[in-house]
Amino acid sequence: MKKHNYSAGPCILPQEVFEKSAEAVLNFNNSGLSILEISHRSKDFVAVMEEARALALELLGLEGKGYQALFLQGGASMEFLRVPYNLLKENGKASYLDTGTWASGAIKEAKAFGETVVVASSKEQNYNHIPKGFEIPSDADYFHCTSNNTIFGTQMKSFPTTDIPLVCDMSSDIFSRQLDFSKFDLIYAGAQKNMGPAGVTLVVVKEELLGKTGRSIPSILDYEKHIKAESMYNTPAVFAVYTSLLTMQWLKNQGGIPAIENINEAKAKLLYAEIDRNPLFEGTAVAEDRSNMNATFLLKDESHAEIFDKMWKEAGISGLPGHRSVGGYRASMYNALPLESVQVLVDVMKELEVRTA
């Protein structure tokens, strides 16, 4: 039976990416070697890394605009640390928007480096919305936000205009919608949502931003060192980079971000319409801030949970339970999830309504 994979990450990837990466595990580029065993300094893999870095900038519309793309390790959690190390000046100030668990984690790391101002937070409302109307300190070294919040199902629909550098954690919605990415001075994203398997993080940074903190940065944490080494300062996550390249190639062949955005909007519209229509369910995020990537919802009557859980599992659905810290349900609808999978979930929700009537 086909599985409809709603996992929040590591998550669904395109079928052709699985097939090509599986082939490469056995024989990469007809070399007689596996992608898992080739040298990262080999001609074949250097070409992979160069294409991956170039294609990331191309998809974001940032080629030739002073940005560098890096594929690093440590997940987005490492960038919580690397961002202030590289951008927060000695005796400087950082500003952050607190919209969820991962934003809170980034704030915690920044506080270890210097003054960190939280311009707004939705924590008191269990992160069910994106704060609006906040002011960003003009004397801060940068402003950091999280574009999509996987656990609580909220997404920033617009971004502030500011004269200070704009930094964004786009781990769970990178490549999913059209934005003016040139508004951002630094973007980072763990691969395991829309781009590839766990183990690699994409960092896109405007090069002129770097080298201005006045602090000594350990080499492995220094973006400038990684740029100079072309993402090869240390041994890269070879398989994860290769699979990310395959996924970006797939996205380009689909028509790029504009094409996939249309599909993602259709998926979100279909599911949220059922959540709002069906008297058995309710969404947890404020409607205007609902994420197109992660739809979070609850059963109004928990006595229906046993039968609902049995039904969606029998329908071949996987990964639907909400985050352990929140409960309920979370349908993660990343780029590779087809519209038909959303229809399967919607049909199960409708059938539950009939059975419990």
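## Close-up views of a predicted model

**View 1. Helix 6 and its buried residues.** In helix 6, the buried residues are Val238, Ala240, Val241, Tyr242, Thr243, Ser244, Leu245, Leu246, Thr247, Met248, Trp250 and Leu251. Please keep in mind that this is a predicted model. Helix 6 is mostly covered, with 12 of its 17 residues buried. What does the covering of these buried residues include? Look for helix 1, helix 2 (43-60), strand 2 (67-72) and helix 7 (256-277). From its first C-alpha to its last, helix 6 reaches 25 Å, close to the 24 Å expected at 1.5 Å a residue. Just after helix 6 comes Gly255, which takes a positive phi of about 115 degrees.

**View 2. Met248 in the largest nonpolar core.** Let us stay with Met248, one of the buried residues of helix 6. The largest nonpolar core has 55 residues, and the members that touch the most other members are Phe71, Phe175, Val204 and Met248. Which residues does Met248 touch, not counting residues up to four places away in sequence? They are Ala52, Leu55, Ala56, Leu59, Phe71, Phe175 and Met195. A second, separate core has 28 residues, including Ile12, Ala268, Val348 and Leu352. In soluble globular proteins, nonpolar side chains tend to be buried together.

View 3. Helix 1 spans residues 15-26, which is 12 residues. Its first and last C-alpha atoms are 17 Å apart, close to the 16 Å expected at 1.5 Å a residue. Within helix 1, Val17, Ser21 and Ala24 are buried. Why do these three share a side of helix 1? They cover an arc of only 55 degrees around the axis, so they end up on the same side. These buried residues pack against helix 6 (238-254). On the face turned away from the buried side, you will find the exposed residues Gln15, Glu23 and Leu26.

**View 4. A pair of phenylalanine rings.** Searching the whole structure gives 11 aromatic pairs, and this view shows Phe159 with Phe184. The ring centres of Phe159 and Phe184 are 5.0 Å apart and their planes meet at 85 degrees, so the pair is edge-to-face. Phe159 belongs to the loop between strand 7 (154-155) and strand 8 (166-169), while Phe184 belongs to the loop between strand 8 and strand 9 (186-190). The pair therefore ties together parts that are 25 residues apart in sequence. Are these residues buried or exposed? Both Phe159 and Phe184 are buried.

View 5. Phe308 is in helix 8 (residues 305-314) and Tyr329 is in strand 14 (residues 329-332), so the pair ties together parts that are 21 residues apart in sequence. Burial is judged by a cut-off of under 20% relative accessible area. Phe308 counts as buried because its relative accessibility is 0%, and Tyr329 counts as buried because its value is 6%. Ring pairs join Phe281, Phe297, Phe308 and Tyr329 into a cluster.

**View 6. A charge over a ring.** The charged end of Lys313 sits over the ring of Trp312, at 5.5 Å from the centre of that ring.

**View 7. Tyr233 and its contacts.** Tyr233 is in the loop between helix 5 (223-228) and helix 6. With a relative accessible area of 37%, Tyr233 is partly exposed. Its contacts, not counting residues up to four places away in sequence, are Ser219, Ile220, Lys225 and His226. Tyr233 and Ile220 are 13 residues apart along the chain, and their C-alpha atoms are separated by 7.6 Å.

View 8. Start with the peptide bond from Gly9 to Pro10, which is cis, with omega near -5 degrees. Pro10 is in the loop between strand 1 (4-5) and helix 1. Next comes Asn91, a residue other than glycine with a positive phi, near 60 degrees. Asn91 is placed in the loop between helix 3 (75-87) and strand 3 (93-98), and at 82% relative accessibility Asn91 counts as exposed. Asn126 also has a positive phi, about 55 degrees, although it is not a glycine. The loop between strand 4 (115-121) and strand 5 (142-146) holds Asn126, which counts as partly exposed at 48% relative accessibility.

Methods:
Residues are numbered from 1 along each chain as its sequence is written. This is a predicted model: local features need pLDDT of at least 70, side-chain atom pairs count only at pLDDT 80 or more; totals for chains, interfaces and linings use all residues. Side-chain values use heavy atoms; hydrogens and water are left out. A nonpolar core is a set of buried Ala, Val, Leu, Ile, Met, Phe, Trp, Tyr and Cys residues joined through side-chain atoms within 4.5 Å. Buried means under 20% relative accessible area, exposed over 50%, partly exposed in between (1.4 Å probe, protein chains only). Contact means heavy atoms within 4.5 Å. Helices (H or I, at least four residues) and strands (E, at least two) are DSSP runs, numbered from the N terminus. The expected span of a helix is 1.5 Å times one less than its number of residues. The arc is that of the directions from the helix axis to the C-beta atoms. Rings of Phe, Tyr and Trp (its six-membered ring) pair if their centres lie within 6.5 Å; planes under 30 degrees apart count as stacked, over 60 as edge-to-face and the rest as tilted. A charge sits over a ring if NZ of Lys or CZ of Arg is within 6 Å of the ring centre and within 35 degrees of the ring normal.
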